[in-house]
Amino acid sequence: MTKLLILIVVVLGILAVAQLARVYELTSKLRGKREEDISEGDNRFNARMMWLFLPVYFGFFIWLVSAYGDKMLPVAASEHGAATDALLNFNWWILIIVFVLTNVLLFWFAGKYVYSKDRRAFWQPHNNKLELLWTVVPAAVLAVIIIYGLNTWADITSPASPDAVKVELYARQFDWTARYPGEDGELGATDVRLINGTNPLGIVTRESIDTRLAEMDAEIASGDSLLAHAVLSATKHEELTEQVARLRRHKQRVINLRTVMEHDIAEKGVASPYLHGADDVVIKEFHLPVHQEVKVMIRSQDVIHSAYIPHLRAQMNAVPGMTTTIKMTPTITTDSMRMVMKNDAFDFILLCNKICGASHYNMQMPLVVTDAAAHEAWYAEAMKKPFQAPPAAPEPPVVPATDSTATPVMTNTVAEAQATH
């Protein structure tokens, strides 16, 4: 009810002002005064009001800064975040200086050079020195801003140190998945053609290729069976035929991938990325250690996303078909940030900063920043669940004896196993 009354009062106020303006217009016509005729008194009044408006204007600006300055960016929680904030503050100071200078000149000149019929304005159509001044000075300032910004960006995107913590962020509509290297300290190769229900990131191993080929063989066999025995309309028959043909083409690409993998392994040995994927940790958790450099690799399965961690001032696009990288060094743990923010429920959040679909708003994952010891403990626990468990040792065959006095015949495998004990 209160809101309705306020709305009614506002509407009535607007109507009253409109009617007063109409009355003033009619009375001016009755006095024979044209609207474009402005008296010297009106000019002087407007000029003085310009001077009065100037301190009021800047006073309001100062109040806004003091009242809402702490509502802007929170404290930066990474090393490059502090550098980014310094770059932003540098730009702010330039903007504030130009803002104050231009507005002082604007309102001071408007008040000082009030119209007078006894004074004519000086007309100057061209001045090389002035044009050179207002071209060179802004260009020089922009050059400084650009060079400063490029240096900051180059530092953020420069190669990480060899001992940096590695983590991959995998984006797809509408969630994030993290991948950490296993005991070998390296992330394995990936290929989108291997993505399935048990391999959401398409990690390439001999076993994942065999699994994917077996799945496609089953799908092809099912499609061939339907084509041979089911009663289908011409349209359905054509669609299914194309689907089976597409599966066969997809299968051939996976076979080609296996060939490439085997050649790479034969050429590079243990350095081949195809040998490092089985122990990778694929997890729906994002953990980083404080005061340690982190190399973050970002990929996308479907559309362009953007990995954005506002409190760490980190943002990088996730582009299908390529891997983008960014390095960062967290400087504040989650627990410490909760005290800074005075919020026990605070969490660093990984967001998507590209509008990627209907559930874009929900594409987020908490980030936990801890000290080195807590991170190592979490990492050790996470490594217990690798992407691909190592194959179980084969059970030694049991050779039954023909009678109770016969000596069991041991295979070479069993004999060797007993010899090692």
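**Notes on a loop arginine and a domain interface**

1. Arginine 313 sits in the loop between strand 6 (305–309) and strand 7 (314–318), where strands are DSSP runs of E with at least two residues, numbered from the N terminus. The model is predicted, and local features need pLDDT of at least 70, side-chain atom pairs count only at pLDDT 80 or more, and totals for chains, interfaces and linings use all residues. Residues are numbered from 1 along each chain as its sequence is written, and side-chain values use heavy atoms, with hydrogens and water left out.

2. With a relative accessible area of 13%, arginine 313 is buried, a class that means under 20% relative accessible area (1.4 Å probe, protein chains only).

3. Leaving aside residues up to four places away in sequence, arginine 313 touches Leu73, Pro74, Val75, Ala76, His80, Gly81, Thr84 and Asp85, contact being heavy atoms within 4.5 Å. For proline 74, the backbone oxygen lies 2.4 Å from a polar atom of the arginine 313 side chain.

4. The protein chain is divided into domain 1 (164–186 + 279–390) and domain 2 (204–276 + 395–421), with bounds that come from an automatic or database domain assignment. Six residues of domain 1 are in contact with five residues of domain 2.

5. Between domain 1 and domain 2 the buried area is about 370 Å², of which carbon and sulfur atoms give 45%; this is the accessible area (1.4 Å probe) that two parts lose on being put together, summed over both. Across this interface the rule finds zero salt bridges, defined as a side-chain nitrogen of Lys or Arg within 4 Å of a carboxyl oxygen of Asp or Glu.

How values were computed
Helices (H or I, at least four residues) and strands (E, at least two) are DSSP runs, numbered from the N terminus. Buried means under 20% relative accessible area, exposed over 50%, partly exposed in between (1.4 Å probe, protein chains only). A polar contact is a pair of N or O atoms within 3.5 Å; within protein, one must be able to donate a hydrogen and the other to accept it, and residues adjacent in sequence count only if both atoms are side-chain atoms.
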